[in-house]
Structures are given as C-alpha cells and as structure tokens.
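Thanks, everyone. Please look at the model on the screen while I talk.

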Number of protein chains: 2
Amino acid sequence: MDDKDERQPLRAPTLKDIAELTGFTVNTVSRALKNKEDISAATRQLIQNKAQELGYIGNALASSLRSGRTKTLAVIVSDVSNPHFAISVKEIETAARKHEYTTFILNTYEDREAERQAIQSALSKNVDGIIICPAQGEGASMDVLRRTGTPFVLIGRHLQDDAMDYVISDDEKGGYMAAAHLLDLGHREILFLNAHRSISSARERLAGYRRAHEEAGVPVRPELIREVPNIERGCRGELKAVLDAKLPFTAVFAFNDMMAWETIYVLQRQGLRVPEQISVVGFDNIQSRMFIPFPLTTVSNSKGKTSRKAFEILMKRIHGQAADGHRFHEVVDTTLVVRESTRPIR
Amino acid sequence: MDDKDERQPLRAPTLKDIAELTGFTVNTVSRALKNKEDISAATRQLIQNKAQELGYIGNALASSLRSGRTKTLAVIVSDVSNPHFAISVKEIETAARKHEYTTFILNTYEDREAERQAIQSALSKNVDGIIICPAQGEGASMDVLRRTGTPFVLIGRHLQDDAMDYVISDDEKGGYMAAAHLLDLGHREILFLNAHRSISSARERLAGYRRAHEEAGVPVRPELIREVPNIERGCRGELKAVLDAKLPFTAVFAFNDMMAWETIYVLQRQGLRVPEQISVVGFDNIQSRMFIPFPLTTVSNSKGKTSRKAFEILMKRIHGQAADGHRFHEVVDTTLVVRESTRPIR
DNA sequence: CTGAAAGCGCTTACAG
DNA sequence: CTGAAAGCGCTTACAG
C-alpha cells in the first residue's frame, strides 16, 4: 500500500551486485569488465550486458586504492583565467582525456603558500603526476614532490635547481627578437614592463632584451626596466610611475600580451596613440587562439606544443619509460609575429 | 659496503607507520590527526609531531572509500580556453578550495558524446558534486546524473526539463538591452550572430532581441538572424555569408564577446570600420577582467556571482541542506555596458 | 576459464 | 581516553 518500492536507496551498483545477479564471483566480473583474455566470450558478454543494464560505473576510488594508479593528474598554474594558462590547461586536459586521465586544476595566484597547499591537495588525492608552472620566488615547494616521488614536469618556467624535468619557451630568443625588432624600427628608449626576476622567463627575456641592445650598440637604460610585483595584478602601477616621472620612451615591451593590452589601454587613456606615438610588443601571441581586433605585435610561443610535450614527458615518467638519472629540458622555439602595434620611430 | 640504505622505497608514510612509531593504534592516530576531542592533548601532540616529522600526507582515496565523501567536484564546460568559462572555472576553483574541495576540469567542446564521457569520468571518480554548462542540444546527458543521485547544478544554461537546479544570467533582458540600445541609436538592420537555438541562452537572447524590435515598432528581418553551428568554432563563416549575400545591416549583436571581436576583426579586414560604419555589441563583458584595448559595448553578466551562487547551491545539495522537492532557479541580473563600439547611425 | 583469499589505507561503530 | 574489528569496492596473485 505504501511507496516503499519507489524510493530506491540510490546506491550505485557494485561488482558484487553484478556478481550476485550473474552467479559469478566479483573477481570474474572484474576481469570480464576489463576485457581480460582469460574469460570466456560468453561469460564476458553476459557480465557486460548486466553491467550495461544496471548502468554500472566503476568505483575508481576502490580500484585506485588497490592498484596504486589513479589515472588522475593535477595542473597547477597561477591563474586559469589568464588566457595563456587557460589555453595550456585546455591542451593538457584534451591530451589527458585521450589517455583516459582526468585533470585537477589548481590556482596559485603566484602565491607560495597557495602553491604549497595545491601540491598537498594533489598529493593527498594521489594524482599519478603533476604539471606545474611554479609560482614566483625560489621556494622549496618542489621538495615535497621529490620526496614523495610523484612524477612532475615544470611548464613555462624552470627553477635554479635544474634537476627537474621542464618544458619552457625560448624566452631569451623571444626577448631578443622583441627588442631587436623595436631597435630596428629606430626605437632607442624601450620600456620593459617585466615580471619579477624570480621568474625564470622574466630573467631570460631580460637577457635577450640586453643582448639585442648590445648588438645594436644601444645602451640599456636601467630606469626603463621595471618589474611588476605580481603578474596577476597587472602593470598599470609601474607604467603610471614611469609616465609620472616623465621618463622618455617611445616603445614598450611587455612581459605578456595581457600586460601589453593593459599598457595600450593606459596609454590610450592618457591620450597617447599606439602605434603612432608609442610602439608596443607583447609575448604569448594569444591572438593565435582569439580574435582580438587590436593587431598586437608579439612573440609567439607554441602553447599547444609546450603543453603536449609536458604531458608526454609526464607519461614517460609515470610509465617508467625514462631513465631516473635523465632530465628532460625542452626548449620550445619562439617566433616574432609582427602586426600593427609597432611602427618605425618618426 | 653497498648503497642499499640510500635507496629508500619511497613509500608514502601511512597511519600504520605513525601508529607503530608512536605505540598507538591506527584508530587513535587517525582521530588525533583529525583533532578529535576525545584524544588527550599529549597524545594528540605526540602523534601530530610524528606525522609532521614524517611528512605524512593523508591518503584521500582510502579516506573517501570508507567515508563516502571525496571532497572533490567536477566542472564541465565546453572549453576552458574561452575566457568566459576560464573566469567561471577560476571562480569556482577558488570558492571550492576555501571549502577544501579539489576541482576536476573537463571540456565538452559542445559535443554530446564528449559530455557523456566527461560525466562518466566524474562519476567514476566519485565526485561529491558537479557544476556543468550543458553542451548544446537536448540530449539525455543529465539522466545518468539523476539516476546516480550525484548533486549537480547547471550554470549558464538550462534545459527543457526544468526539474534541475540552475544558475543563469538574465539573457532575455540582455538580448533586449543590446537590441534596444542599437535601435535607440537609429539602427534598423541589426545582424544577430547567435548561438544554436538548442542553447537556452541563445533562445532567450533572441526573445529579448525580438521584444526590443516589437517595442520599437521595427520589424525583425529573419535573414539577419544567423545561428552558428558551434560556438567554439566562431562566427566568421556566417558573417561572411551575410556579407557575400550583400544583405544590408548597420549593426551586429554577437552571442558573446569572442564572436564580437571576431566580427570586428572580419569587418576590419573587409575595410569596414567599427563603429563608424558598423556598430557591434557583444555579451559577457570579458573586459571586466581583461584589458582589451578595443572598448566593446557589451552585456555584462556577473561571472563571479554566478559561479559562487552555483557553488553555494551545490554545497547545499551535498550537505542535504535543501529540500529534495525544491529546485534552485537563479537568474542573475545583466546590465548593458556602453563603450565605444556602438554609435548612432549617420 | 573461474574461484577463494588477502589487502590497498583509511573511518566507523562499538567496547571498555 | 584508547583499542580491536569490520568494511568501503575494488585488484592482485595464486590455486585449481
């Protein structure tokens, strides 16, 4: 008379359920569902049909606890909402899914403590591997990873301690090309809105910037090299300080496209036109993935290639296909993409 | 004489290890590490120190398998590299982390099969809940979620079947404001580059577009309403078709900012200037988070608010704080942000 | 080709 | 305040 039967307990079916319904043991059911060869075709079919019928979904928790593999990885970046990282995350997730890995995403906001927590979370979830763009500063965040032996690959940046796998862009070349391009156009006072020097790519882009100046015989003006304290917070403070100090400059090289756009935005608000009065070069070539109606000259680093490379290396580590002593230090080429935000000095 | 001792097995320490080293049982160790009240302060201290010393990291797999909670959630969107979704994902991850939840990210590329797999992955990983922007088309993807009883909240879109929680934007109002703004400026032929009608927000923005025309007494021209087959692939095909057909229009309303930018890009390539010759309105106000040097008139939907709201509802469901019969149908307000991509018709 | 047993590392419920 | 036992749902290794 009552509705008892309608309110099912909503308990997910388990191997045990299938075992009871088919008359086999959980062992056989498990093997049948994994298409093992040593199960008769008939049994396999029977069990798979029943699983299908019940809408069986394997419990990865239990499976992982026993097998030691979770088919899970973590991507740790400063901020997924930055298109550069968003694109990388997408590429990694796509590659991961092809290999039946599921991806955790964790942000660090360039904060060491948040990074430490992120790594801790990933480890407690027993990820099989981690792809991480280390937060700025030379902390000891990676030490815990090494202690646990969890495979990990740095992406986009490397640390002083080179005994880790990494995939980076050729940042020195990128910085060089950006500055050389501006110098070629006749610019002599090139404001460099750089990231903090604790970030390897910032140091290397600066080295390239310097080399271009040297080769052109143009002295570098230290007051035109500005570091932003945190790339997630933008560069308008630094840019305004330079404008307020009335330091002369005819071009800007920004650490990334986000800052380049911010620079153009601020300059335009100040009545300065780009590229007529000020030339601007960015880094990342985000426009390769998004149509932005402002054609920005920028340095292109292949985010797809970098991400896939990092994933491949991680797979090799996870599957023990790489010698313990060997370190992967991949440097992906950068190229200059000249669009319309740069112009010869008048 | 040999190096045996140096090559430690790299096995992560477990409760059992701490138990053996301190002389307590795993039970007591477990409770001490969780700061349970019924453990003496001295014991707790001793155990916590030992855990610290060993660098103990709890095995969430084991914990979850027993407790039934994973402190894990999945965010399923069409494409994290779209800034709109990237921002949402960031907001959700940030909120989640505050509550000690770790976030899986899964892309659907607007593809039903990829979506089905994504949901399957999330379920097999035993996530406590899912926030999902359903892929276009009215499939049965959510049925499996309902069967398993895993809490989930739709974000950004809802389905025909309204018996699910959702948090959306006021898309009808947004579409209305965009079209009304253009009509006010004197535009009469407003090309609407919309998403596919199987997406609720596309239908509702169109309804708003129509209402604005009705109120202004301007007939809607069906040939100016174009749907793109897949928002991830952009709108240039549709735009070019309209241009090639030489259909007259003086303004464009794009389904989202990405398409608005793409539209401006294509128009500029064709020698048409925005806003001088063609006005353009977008949707999403991505510029609230990124400095883009092209001031786009757009409809703002609060991505932060929407994301946090969805997360809150999910938490309520997970913690059983919401009546089973009740459905959350939140509509977050939209506003028009007038910038410089729109102008009165000459 | 299939089964019986052990165990992954925790938490739960109960005993004392 | 602490312990002994059971069990979460799988996979592994071995037996037959």
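First, the ground rules. This is a predicted model, where local features need pLDDT of at least 70, side-chain atom pairs count only at pLDDT 80 or more, and totals for chains, interfaces and linings use all residues. Residues are numbered from 1 along each chain as its sequence is written, while chains are lettered from A and ligands numbered from 1 in the order in which they are written.

Now the contact between the chains. Chain A puts in 49 residues, and chain B puts in 49 residues. Contact here means that the C-beta atoms of two residues, placed from the backbone, lie within 7 Å. Which helix of chain A gives the most to the side that touches chain B? Helix 5, with 7 residues. Others that supply at least two residues include helix 6 (112–124) and helix 11 (257–269) of chain A. Helices (H or I, at least four residues) and strands (E, at least two) are DSSP runs, numbered from the N terminus. By class, this side of chain A has 26 nonpolar, 16 polar and 7 charged residues. Ala, Val, Leu, Ile, Met, Phe, Trp, Tyr, Cys and Pro count as nonpolar, Asp, Glu, Lys and Arg as charged, and the others, Gly among them, as polar.

A strand pairing also links the chains. Strand 2 of chain A runs antiparallel to strand 2 (residues 102–107) of chain B, over 3 bridges. A:Thr103 has B:Ile105 as its bridge partner. Two strands pair if DSSP finds at least two bridges between them.

On to the DNA. There are 22 residues around DNA strand C, and A:Arg66 and B:Arg66 are among those that come nearest. Near means a C-beta atom, placed from the backbone, within 6 Å. Helix 4 of chain B gives the most to this surface, with 5 residues. Helix 2 and helix 4 of both chains each supply at least two. The class count is 7 nonpolar, 12 polar and 3 charged residues.

Domains of chain A now. The assignment gives domain 1 (4–58), domain 2 (71–168 + 303–332) and domain 3 (171–301). Such bounds come from an automatic or database domain assignment. The C-alpha centres of domain 2 and domain 3 of chain A lie 28 Å apart. In chain A, 18 residues of domain 2 are in contact with 16 residues of domain 3. Helix 5 of chain A gives the most to the domain 2 side, with 3 residues.

Last, strand 10 (residues 297–301) of chain A. Why call it largely enclosed by the rest of the structure? Because 4 of its 5 residues are buried. A residue is buried if 20 or more other C-beta atoms lie within 10 Å of its own, exposed if 12 or fewer, and partly exposed in between, with C-beta atoms placed from the backbone. Strand 9 of chain A runs parallel to strand 10 of chain A, joined by 3 bridges. A:Phe283 stands opposite A:Val299. Strand 12 of chain A pairs antiparallel with strand 10 of chain A over 4 bridges. There, A:Ser300 is partnered by A:Thr335.
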